[in-house]
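Student: I would like to go through the charged side-chain contacts in this model. Could we begin with the ones that are joined together?

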Amino acid sequence: IERNARIQLRLIEDLLDVSRIISGKLRLEFDRLDLAEAVHRAVDTVRLPAEAKSIPVLTDIQDQPTIVGDPARLSQVLWNLLNNAVKFTPEG
C-alpha cells in the first residue's frame, strides 16, 4: 500500500510539474546531494515491479559522487527512467 501510495503521489507531482512548466512557474531548488543515494532510492521504488516481471535491477556505483542539483527533479528523472525501463522491458 505504501509503495503504491508513493507511486500515485509521484504521478500527481509529475502532472503538477507539467502545469508549472507550461505556465513558466517551475522553480528549481539547488542543493548538494549524494547521487548514489538518489539512484538507490529510485531503484528501490521499481524493484518490486521489476521482480514481478523477472527483470534484475542492479547498480554498480564505485564512488559516492556529490553533485549540485534539484533533489526532487533528479529523483523524478531517475524514477521515470527506471519506471519506463521496467514497463517497456519484456518479462525475463
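Tutor: This is a predicted model. In it, a network of salt bridges links Asp17, Arg20 and Arg73.

Student: How far apart are the side chains of Arg73 and Asp17 in their salt bridge?

Tutor: The salt bridge between Arg73 and Asp17 spans 2.8 Å, N to O. This pair links distant parts of the chain, since Arg73 lies in helix H3 (residues 71-88) and Asp17 in helix H1, 56 residues apart.

Student: And is Asp17 buried or exposed?

Tutor: Asp17 counts as buried because its relative accessibility is 5%, and the cut-off for buried is under 20%. Arg73, at 21%, counts as partly exposed.

Student: Changing topic, how many salt bridges does the structure hold?

Tutor: It holds five salt bridges. One of them joins the side chains of Arg6 and Glu2, at 3.1 Å from N to O.

Student: Where do Arg6 and Glu2 sit relative to each other?

Tutor: Both are in helix H1 (residues 2-23), four residues apart, so about one helical turn separates them. Glu2 is exposed, with a relative accessible area of 59%, whereas Arg6 is partly exposed at 38%.

Student: What about Arg41 and Glu37?

Tutor: Their side chains also form a salt bridge, 2.8 Å from N to O. Arg41 and Glu37 belong to helix H2 (residues 35-52) and are four residues apart, about one turn of the helix.

Student: Which accessibility class does each fall into?

Tutor: Arg41 is partly exposed, at 41% relative accessibility. Glu37 is partly exposed as well, with a relative accessible area of 43%.

Notes
Residues are numbered from 1 along each chain as its sequence is written. This is a predicted model: local features need pLDDT of at least 70, side-chain atom pairs count only at pLDDT 80 or more; totals for chains, interfaces and linings use all residues. Side-chain values use heavy atoms; hydrogens and water are left out. A salt bridge is a side-chain nitrogen of Lys or Arg within 4 Å of a carboxyl oxygen of Asp or Glu. Helices (H or I, at least four residues) and strands (E, at least two) are DSSP runs, numbered from the N terminus. Buried means under 20% relative accessible area, exposed over 50%, partly exposed in between (1.4 Å probe, protein chains only).
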